[in-house]
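Welcome! Please take a moment to look over the sequence and the structure below, and then we can walk through them together.

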Amino acid sequence: MVDQTSVLNEAAAGLQGLAQMQSRIILHAGENSVVDNTQLPHLDSDRKVILTNNVYETLKIIIDGTNVRGAEVPFLLFGDYNNSVFVFDSVYADVSDGDNPDEANFSRDLQQKVFDFGLGAKKQENKVVAHGHSHPQHGKYYLNFSLSDMRGYFGMRRKTWLQNVMVCGCLLTGGNFNFVFCDGKDVYRIDNVYTQNENGQIVRLPSFGPDVATLGYGRNMGR
Ligand SMILES: [Zn+2]
């Protein structure tokens with residue numbers, strides 16, 4: 001049985017977290033309000049994200065697809081965490097629903113994947129999921145998360161079937177791999193993101209930086 005009090009407490013904390021987001025907004029336009037990256041609190045500096053080479057290669061395809069179609073692509077990353085390191089080793093993308101450039105739409109398929117992962121994780125510890133999407137290069141603010149992105153992370157954190165799972169967000173934009181962690185009270189940026197190149201070496205990926213995609217930098221990282 002789900003403990004109703006803890007669910008309500010978590011919902012209340014989520015609303016407080018969203019209220020805090022208001023102070024970090026740089027553009028007021030309803031759900032598409034932009035949350036200023038520089039205003040997000042930092043997760044401890046020893047926290048890291050590592051993408052396996054397969055995941056990294058798939059994310060590069062998503063980045064290319066985003067730029068070609070000029071539309072957001074929603075995806076999910078699954079993995080394990082070990083002390084302070086989140087290792088993502090599988091990715092599911094939904095490329096069927098990329099017509100709306102403003103809003104990545106989480107299809108039933110992706111929702112089912114999260115549900116199944118949550119059920120599987122009940123028996124195992126140390127599981128992590130990232131709610132991911134990409135932003136095409138539109139307007140002035142595409143390098144930042146939106147308020148509706150943040151709502152998505154708080155919403156995922158509140159799912160009862162993900163109680164045992166760590167929840168992150170991932171935004172691919174301008175060649176950056178921006179990761180955040182949501183504890184249900186706030187959203188924190190993770191400043192250290194790495195992948196493993198074909199030679200097995202760990203290399204750092206650009207995150208929370210300027211647009212590096214136009215330089216071809218983000219695409220060629222890790223080689
Ligand atoms: Zn977004």
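## Strand β9 and its surroundings

Strand β9 and strand β10 (residues 187–190) are joined by four bridges and run antiparallel. Please keep in mind that this is a predicted model. In this pairing, Phe-179 has Ile-190 of β10 opposite it. The hairpin of β9 and β10 has four residues between the strands, and Gly-184 in this hairpin takes a positive phi near 95 degrees.

Strand β9 also pairs with strand β8 (residues 165–173): the two run antiparallel and seven bridges join them. Here Val-180 of β9 is found opposite Gly-169. The hairpin of β8 and β9 has two residues between the strands, with Gly-174 at a positive phi near 55 degrees.

| Hairpin | Residues between the strands | Glycine with positive phi |
|---|---|---|
| β8 and β9 | two residues | Gly-174, near 55 degrees |
| β9 and β10 | four residues | Gly-184, near 95 degrees |

How many of the seven residues of strand β9 are buried? Seven of the seven residues in β9 (residues 176–182) are buried, so the strand is largely enclosed by the rest of the structure. In a regular strand, side chains alternate between the two faces of the sheet. In β9, Asn-176, Asn-178, Val-180 and Cys-182 point one way, while Phe-177, Phe-179 and Phe-181 point the other way.

### A closer look at Phe-179

Phe-179 belongs to strand β9. Why does Phe-179 count as buried? The cut-off for a buried residue is 20 or more other C-beta atoms within 10 Å, and Phe-179 has 28 of them within 10 Å, so it is buried.

Which residues does Phe-179 touch, leaving aside those up to four places away in sequence? They are Val-49, Ala-130, Cys-168, Cys-170, Ile-190, Val-193 and Ser-207.

### An open sheet elsewhere in the chain

Now look for an open sheet of three strands, which has the order β1-β2-β7 and antiparallel pairing. Strands β1 (25–27) and β7 (145–146) stand at its edges, and each has a single partner strand, so one side of each is left without a neighbour in the sheet. Two bridges pair β1 with strand β2 (residues 34–35) in the antiparallel sense, and Ile-25 has Val-35 in β2 as its bridge partner.

### The whole chain

Stepping back, the protein chain contains five helices and twelve strands. It has 223 residues, of which 39% count as buried. Among contacts between residues at least 6 apart in sequence, 71% join residues at least 24 apart.

How confident is the predictor? The mean pLDDT of the chain is 86, and 88% of the residues reach 70 or more. Over residues 217–223, pLDDT stays under 50, and the model has 20 contacts beyond four places in sequence for this stretch.

Notes: Residues are numbered from 1 along each chain as its sequence is written. This is a predicted model: local features need pLDDT of at least 70, side-chain atom pairs count only at pLDDT 80 or more; totals for chains, interfaces and linings use all residues. Two strands pair if DSSP finds at least two bridges between them. A residue is buried if 20 or more other C-beta atoms lie within 10 Å of its own, exposed if 12 or fewer, and partly exposed in between; C-beta atoms are placed from the backbone. Two residues are in contact if their C-beta atoms, placed from the backbone, lie within 7 Å. pLDDT is the predictor's confidence in each residue, from 0 to 100.
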